[in-house]
Amino acid sequence: MNAIAPLSAANAVDCAPVLKERGQREVFCGLTGIIWLHRKMQDAFFLVVGSRTCAHLLQSAAGVMIFAEPRFATAIMEERDLAGLADANEELDRIVDQLLARRPEIKSLFLVGSCPSEVIKLDLSKAAQRLGAKHAPHVRILNYSGSGIETTFTEGEDACLASLVPIMPSLAANAPKNLIVVGSLPDIVEDQFRRLFAELGITNVASLPERAVADLPGVGPNTRFLLAQPFLGDTAQALEERGAVRLDALFPFGVEGTTNWLHAAAAEFGVADSHFDAVLRPYQDRATTALAHQRARLEGRSIFFMPDSQLEVPLARFLANELGMRLVEVGTPYLHRRHLAQELAALPAGVMLSEGQDVDKQLDRVRAAKPDLTVCGLGLANPLEAEGLSTKWAIELVFSPIHGFDQAGDLAELFARPLRRRDVLRV
Ligand code: SF4
């Protein structure tokens, strides 16, 4: 059943209706996040407690043959009835013992839940406690769910990071103010942001996650945090429950978003606007020049976002405001109104927003609109391409470095490339 619900805040887009759809959806599950999370947290291992399907998903999403020792695996749970649960727990304990004996470099182990019924019957938080007590202090054992029933594609990262918040060290009320950038970013992007914060004079900066789980930052009432990704609702809430304060901002995509995001921190940490402007000017100029090349290709072209990564709203704002693209529909699996308030306010008036999915109805709208570009999941891209529509895989946007000034041109290029390919094929 679909319903039109008004947004709450007062501006052009906030007053626009949002089409809410609750039908069949076509998205990857939260296990996918393991692919980028295991690269980021280099002392962590992800053990999916799942089925052969989960193992296949991980293997194909990783997209590589694994020659070295991998840092993720699937413990395959076979069908069993409730009476067999004791055996399943024993089996899991045995697999974890074997893994940790063979891989002494693992310092943190995530038990990742999935959706097969035989896994749902297992209490993984109890298993994590039991195994954590056994393997402490050498290994921390945490758990979260990447199940496709509970999570979409990027929510696996949210669940993983939220599971880390309770073990972050506590900072006292009189501790110096610190800043945490929340969201897994490629190292190169994280380093660029650290350099920018340092140039601005903000030095007490950490990331969640850090490159090692062992280096988790402290959190307390003087902690301020910036979300680097729009899909981290549970993590933000867990940080707020520990006293940290979220700095409200656009997300750091393009010149506009990155400037606004950095300015939220600069204002909070008392950086003078004149210094802020002087530090940022060369970065902004470089990014603006890079975008000018792409604007010529993208201006006036239409784009349709199917709901997938939850990056849709910030990316639509970037494409409309900085590259002149026309937004046909901006679909997102879940619209976090509080975290996206500034993004929604910055979208062009009258844009069609949809939340959730009823895939057949949405495909009908795509076919009727014939957009120049459709951003969607892998499963929908090939059929749409076969119908003559250009597509962009949403997953590529999560795997690629796209945040910040230095990546703005590359981000625009990701959208320009499929259009260019289609133009060449038409010639
Ligand atoms: S968690 Fe569920 S949706 Fe994801 S691969 Fe496993 S069975 Fe499929």
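This is a predicted model: local features need pLDDT of at least 70, side-chain atom pairs count only at pLDDT 80 or more; totals for chains, interfaces and linings use all residues.
Two residues are in contact here if their C-beta atoms, placed from the backbone, lie within 7 Å.

Thr-74 is found in strand S4. Leaving aside its neighbours within four places in sequence, Thr-74 touches Val-48, Gly-50, Cys-54, Ala-55 and Leu-58. Is Thr-74 buried or exposed? Thr-74 has 23 C-beta neighbours inside 10 Å, so it counts as buried.

Now for the sheet around this residue. Val-48 stands opposite Thr-74 in S4. Strand S3 (residues 44–50) and S4 run parallel and are joined by five bridges. They belong to an open sheet of four strands, ordered S4-S3-S5-S6, with parallel pairing. Strand S4 (72–76) and strand S6 (140–145) each have a single partner strand, so one side of each of these edge strands is left without a neighbour in the sheet. On average, neighbouring strands here are turned by 25° against each other, direction ignored.

Helices pack on this sheet too. H3 touches S3 and S4, and its direction makes about 165° with that of S4. Helix H7 (residues 155–164) touches strand S5 (108–113) and S6, making about 145° with the direction of S6.

H3 also leads us to the ligand. Helix H3 (residues 52–62) gives the most to the shell around the ligand, with three residues. In total, 13 residues surround the ligand, and the closest are Cys-29, Cys-54, Ser-114, Cys-115 and Gly-148. What is the make-up of this shell in nonpolar, polar and charged residues? Six are nonpolar and seven are polar, while no charged residue takes part.

Strand S9 (residues 223–227) pairs with S10 over two bridges in the parallel sense, and Arg-224 stands opposite Val-245 in S10.

The backbone has some details to look for in the loops. The peptide bond from Ala-136 to Pro-137 is cis, with omega near 0°, and Pro-137 is placed in the loop between helix H6 (124–135) and S6. A cis peptide bond also joins Leu-208 and Pro-209, with omega about 5°; Pro-209 lies in the loop between S8 and S9.

Positive phi values are worth a look as well. Gln-310, a residue other than glycine, has phi near 70° and lies in the loop between strand S11 (302–305) and H12. With 26 C-beta neighbours inside 10 Å, Gln-310 counts as buried. Lys-370 has a positive phi near 45° and sits in the loop between helix H14 (359–369) and strand S14 (373–376). Lys-370 has 13 C-beta neighbours inside 10 Å and therefore counts as partly exposed.

Our last stop is helix H12 (residues 312–323). At 1.5 Å a residue, its 12 residues should span 16 Å, and its end C-alpha atoms are 15 Å apart, which agrees. H12 is mostly covered, with 10 of its 12 residues buried, among them Val-313, Leu-315, Phe-318 and Leu-319. Just after H12, Gly-324 takes a positive phi of about 70°.

Terms used:
Residues are numbered from 1 along each chain as its sequence is written. A residue is near a molecule or strand if its C-beta atom, placed from the backbone, lies within 6 Å of it. Ala, Val, Leu, Ile, Met, Phe, Trp, Tyr, Cys and Pro count as nonpolar, Asp, Glu, Lys and Arg as charged, and the others, Gly among them, as polar. Two strands pair if DSSP finds at least two bridges between them. Axes are lines fitted to C-alpha atoms, for helices over the stretch in contact, and angles run from 0 to 180 degrees between N-to-C directions. A residue is buried if 20 or more other C-beta atoms lie within 10 Å of its own, exposed if 12 or fewer, and partly exposed in between; C-beta atoms are placed from the backbone. The expected span of a helix is 1.5 Å times one less than its number of residues.
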